[in-house]
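Colleague: I have a new structure to learn from. Can you take me through it step by step?

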Amino acid sequence: SPPKILITRAVFPEVVERLARHFDVESNQDDAEWSPAELAARLQGKAGVLTTGSVRIDAALLAACPDLRICANMAVGYNNFDLPAMTARGVQATNTPDVLTETTADFGFALLMAAARRITESEHYLRAGRWKRWRYDMFAGAEVHGSTLGILGMGRIGQGIARRGAHGFGMDVVYHNRSRLAPALEAECKARYVDKDELLRTADHLMLVLPYTPGSRHAIGAAEIARMKPGATLVNIARGGIVDDAALAVALRERRIAAAGLDVFEGEPQVNPALLACENVVLTPHIASATVATRRAMAQLAADNLIAFFEQNRALTPVNQVVVATK
Ligand code: GLV
Ligand code: GLV
């Protein structure tokens, strides 16, 4: 009989139908909210799971679900997985890289533009009926073209943002990352490697695109914000928790930096009320990869990983190395 699979959240119907041609599938097309106990109960006997970044797969859950062999995340980030626990139990983990790179880079730029040019702040003003006369300094923001773009984290998405900045907006691009890009890639992105301190001090706009790890928690806190330019914009399309949201709210309120654009939050979907009270921040609900085409491609890649794992003993985009048992 085919392996049993659980799909933890609602997903494109054609993906459920496709998986049902390969597996015995239990899905959650009503998108019910499952407690950890209910998730564990539904995972009993399941060999694979297709899930999203909003569902935590931790050591306790893995211990309660000994039949589980693969967790396919419909996201490029996978900090919802306890990866060491998965590897220790021989559970394969996969993500969805590449298919969302350019779409997510587009959104990073959208947030940068919206924050620097005060688009949502001015729209709220207009909708509230407060626009009575034009004024020379009304919603005057920061220049984007020709400015210095700082990028923290230079994976595929960071490189997409660098290309947009350098080639599309004539920006001077500086970046910091655990490792330097190969010289040819640096040249193509027109990006210059700097240390973190120089990045903070020189960026007119700082874009965060690094994965969340215990080491990147509060990579941008009060001390880092204090080193940024007073007119700077901070954009976080990476993960909540990389920025100290409370410290950022204080800095925004006191205009120590000009503006921010945030797609991810500490403790999301809760958003720090101090951020909600700031006018100079653009807030979006974790939608950087949300185009119809890209979300479809992400779901299909997650499904492809499950199919390849069970039918060819080989996940397509693994994020850990496990010994795959051939049955
Ligand atoms: C979204 O946040 C993702 O990691 O794909
Ligand atoms: C991951 O961090 C990526 O940029 O694809």
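Modeller: Start with a definition. A residue is buried if 20 or more other C-beta atoms lie within 10 Å of its own. Keep in mind that this is a predicted model.

Colleague: What percentage of the 327 residues in the protein chain is buried?

Modeller: Apply that cut-off of 20 or more C-beta atoms within 10 Å. Of the 327 residues in the protein chain, the buried share is 41%.

Colleague: Which residues of helix α11 are buried?

Modeller: Helix α11 covers residues 245-253. Its buried members are D245, L248, A251 and L252.

Colleague: Why do the buried residues of α11 line one face of the helix?

Modeller: An α-helix has 3.6 residues a turn, so residues three or four places apart point the same way. Look down the axis of α11: its buried residues line one face because they fall within an arc of 120°.

Colleague: Which elements do the buried residues of α11 pack against?

Modeller: Contact here means C-beta atoms within 7 Å. The partners include both helices and strands. They are α10, β10, β11, α12 and β12.

Colleague: How many charged residues does the shell around ligand 1 have?

Modeller: The residues around ligand 1 are G53, A75, V76, G77, L100 and S289. Gly counts as polar. By class, the shell has three nonpolar and three polar residues, and the charged ones number no residues at all: none.

Terms used. Residues numbered from 1 in each chain as written. Chains lettered and ligands numbered in written order. Predicted model: local features only at pLDDT ≥ 70, side-chain atom pairs only at ≥ 80, totals over all residues. Near = placed C-beta within 6 Å. Buried ≥ 20, exposed ≤ 12 C-beta atoms within 10 Å, placed from the backbone. Helix = DSSP H or I, 4+ residues; strand = E, 2+ residues; numbered from the N terminus. Arc of directions from axis to C-beta. Contact = placed C-beta atoms within 7 Å.
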